[in-house]
Amino acid sequence: MPETATLSSKFQISIPKAIRTAQHWEAGLTLAFIPKGTGVLLVPVPKREALKGLAKGASATEYRDRSDRF
């Protein structure tokens, strides 16, 4: 049976410990709620430092946009 949580009267939930532990989530983590069909994806928002170097070597002049796709 999957882990569950109950929405409180203040519209708050507690994420079950098994989920927090498996995902290595700690207090203070920012989460994004992404609507997906009849459900919602809960995704951690990366800190700016974690994105450093992500696009290293990318060219600002040689990119494709929607106008050159068939």
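1. The chain contains two helices and two strands, arranged along the sequence in the pattern α-β-β-α. Helices (H or I, at least four residues) and strands (E, at least two) are DSSP runs, numbered from the N terminus.

2. The model is predicted: local features need pLDDT of at least 70, side-chain atom pairs count only at pLDDT 80 or more, and totals for chains, interfaces and linings use all residues. Residues are numbered from 1 along each chain as its sequence is written, and side-chain values use heavy atoms, with hydrogens and water left out.

3. The radius of gyration, taken over C-alpha atoms, is 18 Å for the chain, whereas a compact globule of 70 residues would have a value near 11 Å (the globule rule is 2.2 Å times the number of residues to the power 0.38). Along the principal axes, the C-alpha atoms fill a box of roughly 50 × 30 × 25 Å.

4. Of the 70 residues, 4% are buried (under 20% relative accessible area, with a 1.4 Å probe and protein chains only). Among contacts with a separation of 6 or more, 3% join residues 24 or more positions apart (contact means heavy atoms within 4.5 Å).

5. An unreviewed UniProt entry lists residues 5-50 as "domain: SpoVT-AbrB"; such annotations may be inferred rather than shown by experiment. This span is 22% helix and 26% strand, and its end C-alpha atoms lie 29 Å apart.

Methods. Buried < 20%, exposed > 50% of the residue type's maximum accessible area, 1.4 Å probe, protein only.
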